Each structure stands twice: as C-alpha cells, then as structure tokens.
Amino acid sequence: MEVTTVKAREASIPPVTKVAAAVPVSSGAYTREQAREDRIELSRQAVEAMKEALDKKAREKKEKGGAKSDMQQQLDNAKQAAEAKMEETKMKLRCLQIALSIMNGDNVPPEDEKYLMDHDPELHFRAIMMRRLKEDPEEKESVLEDEEQKEEGGADPAAPAPAPATESAAATEAPPAPAEAPPAEGG
C-alpha cells in the first residue's frame, strides 16, 4: 500500500482529522520547523476520496452559480418577450385607430394610411370597403409617434409644419370677383 504525505493545511482537511504530532521524515530526523507543522499520511484511496469530495463541492458551487445565471437569462428572455409583445400590441392599436378613422369617413394623413397598409393590409382593405361617406369629413391628426414617422419615412418632425389654412391665406389664393354695380334706376 502506497502512502502519500500531505500537509494538513494544504489539503483543507477538517480539524478533526489533523494529526497533532509531527511525523519524522524518511531519514528519521526532523528539524525544529518541520516539527511545528501538522502532518498526516493518507492512503491513495483516502486522497482520491478527498479529491472527489472537493470536486463534488466545486461542481455544486458551480451549479448554484449556474442556476443564478440561468435564472437571470430566463428573466432577460422574459423581459425581451414582454417588450416585443408590447410593441406588437401598440402597433395593432395604432392600426385599429387608423382603420376606425377611415371607416368613419374621416381624412387620415397619408403616412398613417401607409402605416396601416404596411402592417395590416387586410384591415386596410376592410376599412376602405366599409368607409362611410361624410359631407364634412374631419381632418384627423396622425396617431403615429415621431419615431415611427422617421422609421416609416414620414415627415421630419424638425421640419416646419405647413401653415393652417386661414381666411387670409384663402384671400391671397383667389381674389374675390369684382362686385357688379347695381343697375341705375331712372334716367
């Protein structure tokens, strides 16, 4: 049977298995420094058993750390899935708002209609088919946010908006017809 000499402090041996007395080295004599060290002699089987126990502890520690990282990964995946679902829901809501305006016979901005056509062509088709005719359709504002207008190639939000039509603008476009003088009476 082969015997291995291991320092107790290096082997992480529990205090119960430490040997208090120094064991003489092969020459039979030992120095004062060697006498102060705790020594233990273990068989190959004992060393292998200790290595297995240490490996098992290391694996368990790694698995615990791995479990934390697995849970963190699952949490991150769940957050990403929730964000994607939220974006999809917002897109569907915008499409429904645009389709409702079209069905009510209101005028929607061209970028909104393009958005609906790109994201839900079937809903766009149905909204056009169900459109009511109005004598005085409302001019609806865009339901898209500035970011989506940039993504879809819409107008630049920093660009100046066209001036709203006013009476003075209408007057400059077409001058009023000259008023005819009433026919003269008598004369």
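User: How many residues does the chain have, and what share of them counts as buried?

Analyst: In this predicted model, 17% of the 187 residues of the chain count as buried. The label requires a relative accessible area under 20%.

User: What makes Asp-106 a buried residue?

Analyst: Asp-106 has a relative accessibility of 2%. The cut-off for buried is under 20%, so Asp-106 counts as buried.

User: Why is the pair of Lys-140 and Asp-106 called a salt bridge?

Analyst: The closest N and O atoms of Lys-140 and Asp-106 are 3.9 Å apart. A salt bridge requires a side-chain nitrogen of Lys or Arg within 4 Å of a carboxyl oxygen of Asp or Glu, so the pair qualifies. Lys-140 belongs to the loop between H4 and H5, and Asp-106 to the loop between helix H2 (44-103) and helix H3 (110-119), so the bridge ties together parts 34 residues apart in sequence. Both residues also belong to a network of salt bridges with Lys-134 and Glu-138.

User: What makes Lys-140 partly exposed?

Analyst: The relative accessible area of Lys-140 is 31%.

User: Why are Arg-126 and Glu-122 said to be separated by about one helical turn?

Analyst: Arg-126 and Glu-122 are four residues apart in helix H4, which means a separation of about one helical turn. Their side chains meet in a salt bridge, with N to O at 2.7 Å, within the 4 Å limit.

User: How do you know that the buried residues Leu-123, His-124 and Ala-127 of H4 lie on the same side of the helix?

Analyst: Leu-123, His-124 and Ala-127 are buried in H4. They cover an arc of only 105° around the axis, and therefore they lie on the same side of H4. Phe-125 and Met-129, on the other side of H4, are exposed.

User: Why is Met-130 called exposed?

Analyst: Met-130 has a relative accessible area of 54%. Met-130 lies in the loop between helix H4 (121-129) and helix H5 (146-152). Together with Phe-125 and Met-129, Met-130 forms a nonpolar patch on the surface, with about 380 Å² of accessible area.

User: Where in the chain is confidence highest, and where is it lowest?

Analyst: The highest mean pLDDT, 95, is found in H4, and the lowest, 43, in helix H6 (residues 167-173). Over residues 155-175, pLDDT stays under 50, and the model has three contacts beyond four places in sequence for them.

Terms used. Residues numbered from 1 in each chain as written. Predicted model: local features only at pLDDT ≥ 70, side-chain atom pairs only at ≥ 80, totals over all residues. Heavy atoms only, no water. Patch = residues over 30% accessible without salt bridge, like charges linked within 9 Å, V, L, I, M, F, W, Y side chains within 5 Å. Areas by Shrake-Rupley, 256 points an atom, 1.4 Å probe, with all protein chains shown as cover. Helix = DSSP H or I, 4+ residues; strand = E, 2+ residues; numbered from the N terminus. Buried < 20%, exposed > 50% of the residue type's maximum accessible area, 1.4 Å probe, protein only. Arc of directions from axis to C-beta. pLDDT = per-residue confidence, 0-100. Contact = heavy atoms within 4.5 Å.
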